[in-house]
Amino acid sequence: FDLQAAASALSYHGVILVDDFHSGPPNGVAFDTVNAGVDDFMQRHRSSFVGQSWHKEGKGMCLIRRRT
């Protein structure tokens with residue numbers, strides 16, 4: 001999917017949740033395209049969005065929201 005398109009439709013208090021962000025062993029599967037997409041988006045839009053990521057036992061996700 002396209003983070004840019006999703007972000008442009010995001011309401012003021014809305015969030016984007018990206019599953020499998022920096023996932024990997026022992027209990028997850030690595031998806032390099034997910035990691036690269038989120039990392040690239042966050043780098044290009046750092047002034048407008050903030051991301052928080054969580055990782056546990058190989059599972060990962062990222063929550064993206066607008067800066068307030």
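Trainee: How many residues lie between β2 and β3 in their hairpin?

Mentor: This is a predicted model: local features need pLDDT of at least 70, side-chain atom pairs count only at pLDDT 80 or more, and totals for chains, interfaces and linings use all residues. Residues are numbered from 1 along each chain as its sequence is written, and side-chain values use heavy atoms, without hydrogens and water. In the turn, glutamate 57 has a positive phi of about 50 degrees. Between β2 and β3 the count is two residues.

Trainee: Which residue in β3 is the bridge partner of histidine 55?

Mentor: Strands are DSSP E runs of at least two residues, and helices are H or I runs of at least four, numbered from the N terminus. Two strands pair if DSSP finds at least two bridges between them. β2 (49-56) and β3 are antiparallel, with eight bridges. Histidine 55 has as its partner glycine 60.

Trainee: Is serine 23 buried or exposed?

Mentor: Serine 23 sits in the loop between β1 (15-19) and α2 (32-44). Buried means under 20% relative accessible area, exposed over 50%, partly exposed in between (1.4 Å probe, protein chains only). Serine 23 has 7% relative accessibility, so the residue counts as buried.

Trainee: Which residue's backbone nitrogen does the side chain of serine 23 reach?

Mentor: Contact means heavy atoms within 4.5 Å. Not counting residues up to four places away in sequence, serine 23 touches Val29, Ala30, Gly58, Lys59 and Gly60. At 3.0 Å, its side chain reaches the backbone nitrogen of glycine 60.

Note on methods:
Polar contact = N/O pair within 3.5 Å; in protein donor to acceptor, adjacent residues only side chain to side chain.
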